[in-house]
Amino acid sequence: LLQHCWAHLIREAKALGSAPAHGRSEPFALLVRRQFGAVLRLWHATQQGRLSRAELIGKTRPLVEQMRALFVTNQAHGPPAVTKYCTGVLKRWDALWTFLEHAGVEPTNNRAERMIRPAVQTRKLSFTTRSEAGQRLRAVLLTVTQSCRLQDRNGYEFLRAALRAHRGEGPRPSLLTPP
């Protein structure tokens, strides 16, 4: 399954509409952002329990068709910047709607980006490690601490248990099964 991130598409549309060199692109960019927003509002209503999945799919179907027609038309007849944007969106078209076809898939990767944020911040603050082994250790430690955080477990206690197990002083803890 592949779901292209809508937040990135919206950001690209916003840039398309605000760039001085793309002056004739602003109405198109505004319309695209409104249509993306309409779909996202329906998805959020489903997440909040105000709309069923069947209703979500039924209400988005006409929007999807309108959007596809908009992109196809502007790919052929729009200003150069709009044509380029439409070509890019149409190449990824099927990957835009995975969240409608499969429950549990989100239209953005915001959650995933929040999950890796601690690792990115650590890397930026500490620069880098000096060896491949150091890189692997950092990756493992960040994976363990983030996994423990998601499971509401104490990462420090998990690492202490892992070290005790390594010395043969107890059972090996698992990230797959909560304590």
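Q: Which residues touch the most other members of the largest nonpolar core?

A: A nonpolar core is a set of buried Ala, Val, Leu, Ile, Met, Phe, Trp, Tyr and Cys residues joined through side-chain atoms within 4.5 Å. Buried means under 20% relative accessible area, exposed means over 50%, and partly exposed lies in between (1.4 Å probe, protein chains only). In soluble globular proteins, nonpolar side chains tend to be buried together. Here the largest core has 31 residues, and W6, F28, F71, Y85, W93 and W97 touch the most other members.

Q: Which helices each supply at least two residues of this core?

A: Helices (H or I, at least four residues) are DSSP runs, numbered from the N terminus. Those that each supply at least two core residues are helix 1 (6–18), helix 2 (26–47), helix 3 (53–77), helix 4 (80–91), helix 5 (93–96) and helix 6 (98–101). Helix 2 gives the most, with nine residues.

Q: What should be kept in mind about the origin of the model and its numbering?

A: This is a predicted model, in which local features need pLDDT of at least 70, side-chain atom pairs count only at pLDDT 80 or more, and totals for chains, interfaces and linings use all residues. Residues are numbered from 1 along each chain as its sequence is written, and side-chain values use heavy atoms, with hydrogens and water left out.

Q: Which residues does Y85 touch?

A: Contact means heavy atoms within 4.5 Å. Not counting residues up to four places away in sequence, Y85 touches L9, E12, A13, L16, F28, V32, F36 and F71.

Q: What span should helix 2 have?

A: The expected span of a helix is 1.5 Å times one less than its number of residues. The 22 residues of helix 2 should therefore span 32 Å, and its end C-alpha atoms are 31 Å apart, which agrees. Just after helix 2, G49 takes a positive phi of about 80°.

Q: Which helices do the buried residues of helix 2 pack against?

A: They pack against helix 1, helix 3, helix 4 and helix 6. Among the buried residues of helix 2 are F28, V32, Q35, F36, W43 and T46.

Q: How many salt bridges does a search of the whole structure find?

A: Side chains of opposite charge can pair when their charged atoms come close. A salt bridge is a side-chain nitrogen of Lys or Arg within 4 Å of a carboxyl oxygen of Asp or Glu. The search finds three. In one of them R92 pairs with E12, the closest N and O atoms being 3.5 Å apart. This pair links distant parts of the chain: R92 is in the loop between helix 4 and helix 5, E12 is in helix 1, and they are 80 residues apart. R92 is partly exposed at 23% relative accessible area, and E12 is partly exposed at 32%.

Q: What joins the side chains of H4 and R92?

A: A polar contact is a pair of N or O atoms within 3.5 Å; within protein, one must be able to donate a hydrogen and the other to accept it, and residues adjacent in sequence count only if both atoms are side-chain atoms. The H4 and R92 side chains are joined by such a contact of 3.0 Å. H4 is found in the segment before helix 1. Leaving aside neighbours within four places in sequence, H4 is in contact with L9, R92, A95, L96 and P107.

Q: Which residues are buried in helix 9?

A: The buried residues are G155, F158, A161 and A165. Seen down the axis of helix 9, they fall within an arc of 120° (taken from the directions from the helix axis to the C-beta atoms), so they line one face of the helix. They pack against helix 8 (132–150). The face turned away from the buried side carries the exposed residues Y156 and L163.

Q: Which residue caps the N-terminal end of helix 9?

A: N154 does, with a side-chain oxygen 2.9 Å from the backbone nitrogen of Y156.
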